[in-house]
Amino acid sequence: TWKRRAKELKRELFVLYLAYKDRRISWLLRLFTLCVVAYAFSPVDLIPDFVPVFGYLDDLLLVPLGIFLALKWMPKEVIDEYRAQAAELAKKEKPKNWFVGGLIIVLY
């Protein structure tokens, strides 16, 4: 269902959020991952939502595609490690990263 898929995407985005700092990942993939996470959390869209049909395409296509590509290019052991860490943190608290928050504000 759509609701289940949305929860999966949110969980995978959280995994990417945790993994973007990992040194086992190339700097280019870390940069790509950071951009995907920042864009997903950013209130700014490439195409504003008020534009009929196209306004939601970036939310429905670009973000899931970015998540898919980042996870596909990342080593499996890194993904597995951060999935476990994300599941543990999800039980406790939401993460705070002032760098990503500042990046979103600067991009806005």
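Q: Which residues are buried in H1?
A: In this predicted model, the buried residues of H1 are Leu 9, Glu 12, Leu 13, Phe 14, Val 15, Leu 16, Tyr 17, Leu 18 and Ala 19.

Q: And what span should that helix have, going by its residues?
A: Helix H1 covers residues 2–19, and at 1.5 Å a residue its 18 residues should span 26 Å, which agrees with the 25 Å that separates its end C-alpha atoms.

Q: Stepping back, how many helices and strands does the protein have?
A: There are five helices and zero strands in the protein, so that the elements, read from the N terminus on, run α-α-α-α-α.

Q: What about H2 and H3, at what angle do they cross?
A: The axes of helix H2, residues 27–41, and helix H3, residues 54–73, cross at roughly 150 degrees and come within 10 Å. Because angles over 145 degrees count as roughly antiparallel, H2 and H3 are therefore roughly antiparallel to each other.

Q: Is that crossing left-handed or right-handed, and which residues make the contact?
A: The crossing of H2 and H3 is left-handed. On the H2 side the contact is made by Leu 29, Phe 32, Thr 33, Val 36, Tyr 39 and Ala 40, while H3 brings Asp 58, Val 63, Gly 66, Ile 67, Leu 69, Ala 70 and Trp 73.

Q: Which residues of H3 are buried, and what do they pack against?
A: Buried in H3 are Gly 55, Asp 58, Val 63, Pro 64, Gly 66, Ile 67, Ala 70 and Leu 71, and the buried residues of this helix pack against H1, H2 and helix H4, which covers 76–92.

Q: How does the span of H3 work out?
A: At 1.5 Å a residue, the 20 residues of H3 should span 28 Å, and the end C-alpha atoms of H3 are 28 Å apart, which agrees.

Q: New topic: where is Ser 26 found?
A: Ser 26 lies in the loop between H1 and H2, and it counts as partly exposed because its relative accessibility is 42%. Its C-alpha atom is separated by 9.0 Å from that of Met 74, although the two residues are 48 residues apart along the chain.

Q: Over the whole protein, what share of the residues is buried?
A: Of the 108 residues in the protein, 34% are buried. The accessible surface comes to about 7,800 Å², and 69% of it belongs to carbon and sulfur atoms.

Q: What share of the contacts joins residues 24 or more positions apart?
A: Among the contacts in the protein with a separation of 6 or more, 69% are accounted for by residues 24 or more positions apart.

Technical notes. Residues are numbered from 1 along each chain as its sequence is written. This is a predicted model: local features need pLDDT of at least 70, side-chain atom pairs count only at pLDDT 80 or more; totals for chains, interfaces and linings use all residues. Side-chain values use heavy atoms; hydrogens and water are left out. Helices (H or I, at least four residues) and strands (E, at least two) are DSSP runs, numbered from the N terminus. Buried means under 20% relative accessible area, exposed over 50%, partly exposed in between (1.4 Å probe, protein chains only). Contact means heavy atoms within 4.5 Å. Accessible areas come from the Shrake-Rupley method with a 1.4 Å probe; for residues, only the protein chains shown count as cover. The expected span of a helix is 1.5 Å times one less than its number of residues. Axes are lines fitted to C-alpha atoms, for helices over the stretch in contact, and angles run from 0 to 180 degrees between N-to-C directions. Angles under 35 degrees count as roughly parallel, over 145 as roughly antiparallel, 65 to 115 as roughly perpendicular and the rest as oblique. A crossing is left-handed if the near helix is turned anticlockwise from the far one by less than a right angle, and right-handed if clockwise.
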